[in-house]
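I opened the model to look up helix packing and aromatic pairs. My notes follow.

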Amino acid sequence: MRVAVIAAAACLWPAAAQIPVAPPRPADSAPAPQNWLRLEEVMQSVERHYPPLLIAFQDRVIADADVTLAEGRFDLNLQSGYEGDYLGFYRNDVYKAGVQQATQFQGMSYFAGYQLGRGNYASYDGKLQTDSLGQYRTGLRLPLFRDREIDGRRAELQKALIGRRVAELGVEQQRLVIMQFAMRRYYDWLAAGRRYRAAREVLRVAEERDQQLKDASALGQIPQIDVTDNLRAILTRRAALVETERALQLAAIELSLFYRDASGEPRLPGPEQLPPDFPAMRAISEQRLQEDIELALRRRPEIQRFAAQREQVEVDRRLARNQLMPNVDTQIAFIRETGERIVRRGPNDLIASLIFDLPYQRRQAKGREMAALARVSQFDQRERFARDTVTAEVRDAYSALITAYQRAQVLTQELEVTRQLEEAERVRFNLGDGNLFLVNLREQAAFDTEIRQVSAMNEYFRALALYEYAIAEALARRP
């Protein structure tokens with residue numbers, strides 16, 4: 001039996017030696033590392049040039065403008081005027097100039113002014129007359145009940161300051177969403193490049209085998225059907241290459257919306273910028289999940305935004321409660337007459353006054369307080385639901401990430417086994433113990449498995465982008 005096997009092998013050896021050997025699968029020709037487009041470059045481009053994010057940045061400018069507008073309520077107020085009586089019995093002229101300064105301290109305001117009265121005055125207008133060089137006045141006004149803790153001007157400023165924080169949180173929230181989209185588009189482009197390379201490589205193997213098969217068929221070593229079958233494989237793989245090339249172009253176009261040049265124009269990444277493979281995957285433990293839930297509850301802007309909006313409503317509630325109190329203001333003014341004595345008062349006067357005002361029913365203030373209390377309750381519930389939603393999003397993103405990680409791991413192992421079978425079938429064919437049909441099947445199976453493995457890897461990194469969005473990771477590594 002052994003002699004017969006050796007003899008048969010000797011007879012088959014010349015023919016087997018002439019059967020074409022399919023070229024081995026070479027390593028992909030990857031660009032130099034310095035030419036790779038890294039995810040960090042895309043993120044930096046988004047921060048600097050992505051129009052929707054730049055639009056969101058203007059919300060902060062608008063909020064700053066609102067703060068400036070509210071601070072304008074405390075600007076120094078200059079006043080001046082002239083009043084003359086020409087046709088009446090009394091002929092006189094009154095010149096006035098003054099300043100008023102409202103402060104944020106206890107609702108206090110200061111005033112100072114100058115008045116010069118010339119001519120004749122009726123007795124009921126005697127206060128308009130001054131000595132020859134005029135009258136100087138200075139003093140302050142202080143609320144004792146209403147408007148002492150808070151008033152309309154201070155409430156507007158406080159709400160504007162909180163509004164600036166709300167605007168900042170709104171920008172952060174939009175940044176998270178945009179960063180997630182950018183990450184997913186980057187990994188989609190990377191996956192499209194992997195699929196394109198796989199399709200190009202499996203086509204290269206069939207094309208390089210084509211002429212060898214034709215030569216072997218011409219010598220009668222293999223049947224013509226093997227040449228035709230290889231031609232069919234070439235055409236099928238060319239069609240697959242066209243599809244993957246189109247998918248790569250589409251992914252590059254979508255990525256160019258986030259990847260821009262220094263002038264802000266979309267930059268189309270070329271195939272030469274593709275990294276050779278995905279980054280290394282990493283597993284996440286159950287303990288990390290619990291820590292990230294707490295981290296997300298501290299980081300996520302929408303939770304902080306509801307809390308800030310609640311503070312704004314609290315300001316409205318405090319202002320409404322302030323309006324329920326009586327208006328009791330005290331005012332102290334020092335007056336000095338200068339020049340030649342004309343009037344009998346003075347020359348120095350210290351005038352103190354007390355002003356009382358209270359709407360009896362106060363229904364406006366009560367209505368505002370009721371509305372503010374209801375809105376506070378609304379924001380409490382919104383904040384609570386936002387916390388529940390964030391917790392659910394983190395758990396769901398964690399589940400999706402773990403599932404994608406496990407699937408990618410299994411498919412990576414399956415790809416290794418499939419490539420071993422492909423190589424073994426190719427060796428059998430080269431030794432004359434197989435046929436081209438089985439070689440094509442093994443190559444196609446390896447190609448299909450690689451495509452599924454690329455999709456699994458892409459799904460993992462898309463899930464990672466969603467998980468990092470859920471825990472607001474982009475805010476931690478913000479430039």
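**Aromatic pairs and helix packing**

I looked up Trp189 and got 0% relative accessibility, so Trp189 counts as buried (buried is under 20% relative accessible area, exposed over 50%, partly exposed in between, with a 1.4 Å probe and protein chains only). The model is predicted: local features need pLDDT of at least 70, side-chain atom pairs count only at pLDDT 80 or more, and totals for chains, interfaces and linings use all residues. Residues are numbered from 1 along each chain as its sequence is written, and side-chain values use heavy atoms, leaving out hydrogens and water.

I then checked Tyr186, which is buried at a relative accessible area of 5%. Tyr186 and Trp189 both lie in helix H4, three residues apart, about one turn of the helix (helices are DSSP runs of H or I with at least four residues, strands runs of E with at least two, numbered from the N terminus). An α-helix has 3.6 residues a turn, so residues three or four places apart point the same way.

Next I counted ring pairs and got 10 aromatic pairs (rings of Phe, Tyr and Trp, the last by its six-membered ring, pair if their centres lie within 6.5 Å; planes under 30 degrees apart are stacked, over 60 edge-to-face, the rest tilted). The rings of Tyr50 and Phe258 have centres 4.8 Å apart and planes at 15°, so this pair is stacked. Tyr50 is in the loop between H2 and H3 and Phe258 in the loop between H5 and helix H6 (286–299), so the pair ties together parts 208 residues apart in sequence. Tyr50 counts as buried at 12% relative accessibility. Phe258 is buried too, with a relative accessible area of 6%. For Tyr186 and Trp189 I read ring centres 5.9 Å apart and planes at 50°, so that pair is tilted. I also found one aromatic cluster, formed by Tyr186, Tyr187, Trp189, Phe278, Tyr405, Tyr460 and Phe461.

Then I turned to the helices. Which helices do the buried residues of H2 pack against? I found helix H3 (51–71), helix H4 (152–218) and helix H5 (224–256) (contact means heavy atoms within 4.5 Å). The axes of H3 and H4 come within 8 Å and cross at roughly 175° (axes are lines fitted to C-alpha atoms, for helices over the stretch in contact; angles run from 0 to 180 degrees between N-to-C directions). That makes H3 roughly antiparallel to H4 (over 145 degrees; under 35 is roughly parallel, 65 to 115 roughly perpendicular, the rest oblique).
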